[in-house]
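Here's a quick briefing on the chain shown below. Have the model open while you read, and follow the strands along as you go.

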Amino acid sequence: MTGASFVLEWILSEHDAQRREQIAANLAAVRERIAAAAARAGRAPSEITLVAVTKTYPAADVLHLAALGVADVGENRDQEAAPKAAEAAAAGVDLRWHFIGQLQRNKARSVASYAAMVHSVDSVRLAVALGAAAARAAGEARPGSLDALVQISVDGDPERGGALPTGDDPDRALLRVANAIAVHPALRLRGVMAVAPLDWAPERAFAEVARCAALIRAAHPDATVVSAGMSDDLDEAVACGATHVRIGSAILGMRPPLR
């Protein structure tokens with residue numbers, strides 16, 4: 001090894017150690033926030049799963065998170081998630097991958113090959129496509145059923161993503177989407193996911209999420225997951241019953257711009 005390459009490796013290892021220390025400090029602060037929010041809501045912190053969202057961050061950060069005890073990682077885009085999942089698997093790291101972004105039906109097969117849970121099923125057609133993809137992946141890339149959540153359109157705007165809480169749209173009505181997941185043998189309906197609209201107070205948004213979650217649980221008692229809350233509003237989400245919070249920038253810092 002030349003002197004220049006040794007110096008370069010030392011600089012890179014120092015940067016790697018500094019990055020892990022930064023992530024560790026941020027992760028500890030987020031876990032403290034979750035514990036405090038749970039205590040205020042009369043809940044145990046163990047009721048809440050932290051999903052670390054790694055979109056736009058390198059696979060190296062995923063490995064840092066795994067080394068720091070994070071078991072659940074979320075991604076928004078298949079073109080990022082698939083290679084990161086493969087790199088983590090090649091490194092011998094066992095993670096639960098959560099697909100949390102808008103899912104196109106033509107990406108369902110790829111996502112079903114690595115995801116443990118898909119948070120963003122918002123139509124009957126997508127549920128059918130994802131179920132078919134999960135059935136093909138069963139026994140190949142994944143064991144057992146694929147967990148799926150109904151993504152709720154909190155404000156009911158049909159122009160945005162999410163199943164509609166009101167009305168009886170044949171493709172996007174909330175209970176129709178839930179039923180389409182529940183009846184597919186390759187899928188397991190676990191609950192709901194939502195993002196609070198920017199023009200709604202978080203308390204109001206998550207109260208609506210809780211209402212929709214209760215509707216689905218009335219028909220499907222095992223659908224107990226409520227994926228809600230991000231870096232800016234996890235406290236309000238936990239107060240309204242969130243079981244999974246999706247945290248990115250509070251752990252990993254400000255995101256680099258998408259390319």
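From β2 the chain passes through helix α3 (residues 78-90) on its way to β3, a right-handed β-α-β crossover (right-handed means that, with the strands pointing away from the viewer, the path from the first strand over the helix to the second runs clockwise). Keep in mind that this is a predicted model, where local features need pLDDT of at least 70, side-chain atom pairs count only at pLDDT 80 or more, and totals for chains, interfaces and linings use all residues. Residues are numbered from 1 along each chain as its sequence is written, and side-chain values use heavy atoms, with hydrogens and water left out.

**Strand pairing**

- Helices (H or I, at least four residues) and strands (E, at least two) are DSSP runs, numbered from the N terminus.
- β2 and strand β3 (residues 96-99) run parallel and are joined by four bridges; two strands pair if DSSP finds at least two bridges between them.
- On to β1, which is linked to strand β2 (residues 72-75) by two bridges, again in parallel.
- In that pairing, V53 sits opposite G74 of β2.
- β1 also pairs with strand β8 (residues 244-247), in the parallel sense and over four bridges.
- β1, α2 and β2 together form a right-handed β-α-β unit.

**What's covered in the strands**

- Four of the five residues of β1 are buried, so this strand is largely enclosed by the rest of the structure (buried means under 20% relative accessible area, exposed over 50%, partly exposed in between, with a 1.4 Å probe and protein chains only).
- In a regular strand, side chains alternate between the two faces of the sheet.
- β2 is covered on both faces, with D72 and G74 buried on one side and V73 and E75 buried on the other.
- β8 is covered on both faces too: H244 and R246 are buried on one side, V245 and I247 on the other.

- Which residue does UniProt list for "modified residue: N6-(pyridoxal phosphate)lysine"? The record, an unreviewed entry, gives K55; UniProt positions are in the numbering used here, feature names are shortened, and annotations may be inferred rather than shown by experiment.
- K55 sits in the loop between β1 (49-53) and α2 (59-67).
- With a relative accessible area of 26%, K55 is partly exposed.
- T56 is in the loop between β1 and α2 as well, and T56 has a positive phi of about 75 degrees although it is not a glycine.
- At a relative accessible area of 17%, T56 counts as buried.

- L65 belongs to helix α2 and is buried, its relative accessible area being 0%.
- L65 and T54 are 11 residues apart along the chain, and their C-alpha atoms are separated by 9.6 Å.
- D16 is part of helix α1 and is partly exposed at 35% relative accessible area.
- D16 and A60 are 44 residues apart in sequence, but C-alpha to C-alpha they are 8.7 Å apart.
- A36 also lies in helix α1 (residues 3-40), and at 32% relative accessibility A36 is partly exposed.
- From A36 to G253 there are 217 residues in sequence and 21 Å in space, C-alpha to C-alpha.

**How α6 and α7 cross**

- The axes of helix α6 (residues 174-183) and helix α7 (residues 202-219) come within 10 Å and cross at roughly 50 degrees; axes are lines fitted to C-alpha atoms, for helices over the stretch in contact, and angles run from 0 to 180 degrees between N-to-C directions.
- α6 and α7 are therefore oblique to each other (angles under 35 degrees count as roughly parallel, over 145 as roughly antiparallel, 65 to 115 as roughly perpendicular and the rest as oblique).
- The α6 and α7 crossing is right-handed; a crossing is left-handed if the near helix is turned anticlockwise from the far one by less than a right angle, and right-handed if clockwise.
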